[in-house]
Amino acid sequence: MFSKVDVNKDFPHDEIQKVAVIMFEAPVDEEKGSMLSKLSAKTTIDANAGAILSSITARELEKWGKYIVVNRKAVDEELKLKKLKKEDLLNKQNFLNLGKQLGADAIVVGSIENFGVSYRAMSSGLFVSPIVTKVSFSVRCLDVTTNESIWTAKIKGSSATDNERALASKLISKAFEELRTKLN
């Protein structure tokens, strides 16, 4: 388990009251099935990882009570209204505009490295244990006016017993506990 939380000390944190958890993007698997990748450990990334992680993050931020958190459904509805697809959001400017349209002072975005089960495959295609759940991602909170980073968290962990959701919940909760301490 590992989390690293950085807080922008120069930022006026009291100005941030409403945040929108926008999107967590997952990497695209570019090399499908070279022999080398078949022999090395692979982690599958759940197709819903972005939605799952952004929901857990929003829930943790709500529990915290420091921010008003824009509901995920409101974010999705605003995307539909603007006829934007999630891919259109990969442009930072679109993130900031969406945050402003939602009336948020800041947006929270994430980037997923791992979210799923890691296994080692043999050349025969059989899976070899141990099968381990791995979750790793980074989260950034950005000011919608200045695009300044307010805080960031890099979160990473693995478990032989928890599924992705349970592991992610524990990791986010622990990281946000540290973040809360640093912000107070």
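**Entry 1. H13 and its surroundings**

I looked up the polar contact of H13 and found that a polar atom of its side chain lies 2.8 Å from the backbone oxygen of N8. I noted that a polar contact is a pair of N or O atoms within 3.5 Å; within protein, one must be able to donate a hydrogen and the other to accept it, and residues adjacent in sequence count only if both atoms are side-chain atoms. The model is a predicted one, in which local features need pLDDT of at least 70 and side-chain atom pairs count only at pLDDT 80 or more, while totals for chains, interfaces and linings use all residues. Residues are numbered from 1 along each chain as its sequence is written, and side-chain values use heavy atoms, with hydrogens and water left out.

I located H13 in the loop between strand 1 and strand 2 (18-25). Helices (H or I, at least four residues) and strands (E, at least two) are DSSP runs, numbered from the N terminus. H13 has a relative accessible area of 13% and is therefore buried; buried means under 20% relative accessible area, exposed over 50%, and partly exposed in between (1.4 Å probe, protein chains only). Leaving aside residues up to four places away in sequence, I listed V7, N8, K66, I150 and L183 as the residues that H13 touches, where contact means heavy atoms within 4.5 Å.

**Entry 2. Strands**

Strand 1 runs antiparallel to strand 7 (residues 149-159), and six bridges join them. D6 has T152 of strand 7 as its bridge partner. Two strands pair if DSSP finds at least two bridges between them.

I then turned to strand 2, which is largely enclosed by the rest of the structure because six of its eight residues are buried. Strand 2 pairs with strand 4 (residues 68-70) in the parallel sense over three bridges, and A20 has V70 of strand 4 as its bridge partner.

In strand 6 (residues 127-143) I looked up F137, which is buried with a relative accessible area of 1%. F137 and I112 lie 25 residues apart in sequence, and their C-alpha atoms are 4.2 Å apart in space.

**Entry 3. Helices**

I recorded R72, V75, E78 and L79 as buried in helix 3 (residues 72-81). These residues cover an arc of only 125 degrees around the axis, so they sit on the same side of helix 3; the arc is that of the directions from the helix axis to the C-beta atoms. On the other side of helix 3, I found K73, E77, K80 and L81 exposed.

Helix 5 (residues 164-183) has a side-chain oxygen of N163 as a cap at its N-terminal end, 3.1 Å from the backbone nitrogen of R165. Among the buried residues of helix 5 are L167, L171, I172 and L183. The buried residues fall within an arc of 150 degrees seen down the axis, so they line one face of helix 5.

**Entry 4. Confidence**

I checked pLDDT, the predictor's confidence in each residue, from 0 to 100. The chain averages 81, and 79% of the residues score at least 70. Among the elements of the chain, strand 7 has the highest mean pLDDT (94) and helix 1 (residues 35-39) the lowest (39). Over residues 30-40, pLDDT stays under 50. Where pLDDT is low, the predicted coordinates should not be read in detail.
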